[in-house]
Amino acid sequence: MRLRGGAAIAALVMLSVAGCKTDTTGTGDSGPEATTGGNSGGGAALTAAESLTVKGRAPKTGYSRERFGTAWADTDSNSCDTRDDILKRDLKQVKFTGGDCKVSYGVLASDPYSGKEVVYKRGASLVDIDHLVALSDAWQKGAKYWDASKRIALANDPLNLLTVGASPNRSKGDGDTATWVPPKAYRCTYVAAQVAVKKKYGLWVTSAEKAAMVKVLSTCSGQALPTGGNPTNAPARFHAN
């Protein structure tokens, strides 16, 4: 599942933002970017994909975004919400409004899903924050049976979040690897990140999904398995419906 904010591919327009300050380096927790390297052959990501449990897709009955808590909760307690954390991590030329949290402007130099430059302006539909493993997909593959704390953690884990252009992201919808993958330039990294999230949280995969993961990762020489992100349980102060 992704933030339904919208984005259009746009040329870079340099703005002076009143009341804002600029940060040219990304911050925030580690995400799925640095995933190459590792052993020869398929690498650790392929080994992990082959180890995932296979089951059928459970019904979507009972799913809602609210079952994963309030959107973009500050589960890492850094006083910034998760969305702004990911924007700070992934965008360049970042500008803030009113401190170091609220991102008002930034440039996605190369959208992972299109390869194009995308400009983010707060309040305009320019980028999405994609849940690499969509929340509705997770619901049907194990999350339905978790307690709320684990669902909230998944929804806000930097390992499962990526800033992308909205147009290709919305073609993905809530699909898994069997139904949607990005262009080849980012495919190995993307699938490895999905495997990492499913492995970390104990989510299962369908037989078609696992076959698709293995097929992609078999072509990715030495593809490592991403690690890091947040704990798999959110602090007790967070609740979900």
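Trainee: Why is Asp 111 called buried?

Mentor: The model is a predicted one. In it, Asp 111 has a relative accessible area of 1%; buried means under 20%, so Asp 111 is called buried.

Trainee: Where does Asp 111 lie, and with which residues is Asp 111 in contact, leaving aside its neighbours within four places in sequence?

Mentor: Asp 111 belongs to the loop between strand E3 (103-108) and strand E4 (118-121). With those neighbours left aside, its contacts are Lys 116, Val 118, Val 164, Gly 165 and Pro 168.

Trainee: What makes the pair of Tyr 113 and Tyr 190 edge-to-face?

Mentor: Their ring centres are 5.8 Å apart, and rings pair if the centres lie within 6.5 Å. The planes stand at 80°, and over 60 degrees counts as edge-to-face; the pair is therefore edge-to-face.

Trainee: Which parts does this pair tie together?

Mentor: Tyr 113 lies in the loop between E3 and E4 and Tyr 190 in helix H6, so the pair ties together parts that are 77 residues apart in sequence.

Trainee: What makes the charged end of Lys 150 a charge near an aromatic ring, and which ring is it?

Mentor: The charged end of Lys 150 sits over the ring of Trp 146, 4.5 Å from its centre; the distance limit is within 6 Å.

Conventions: Residues are numbered from 1 along each chain as its sequence is written. This is a predicted model: local features need pLDDT of at least 70, side-chain atom pairs count only at pLDDT 80 or more; totals for chains, interfaces and linings use all residues. Side-chain values use heavy atoms; hydrogens and water are left out. Helices (H or I, at least four residues) and strands (E, at least two) are DSSP runs, numbered from the N terminus. Buried means under 20% relative accessible area, exposed over 50%, partly exposed in between (1.4 Å probe, protein chains only). Contact means heavy atoms within 4.5 Å. Rings of Phe, Tyr and Trp (its six-membered ring) pair if their centres lie within 6.5 Å; planes under 30 degrees apart count as stacked, over 60 as edge-to-face and the rest as tilted. A charge sits over a ring if NZ of Lys or CZ of Arg is within 6 Å of the ring centre and within 35 degrees of the ring normal.
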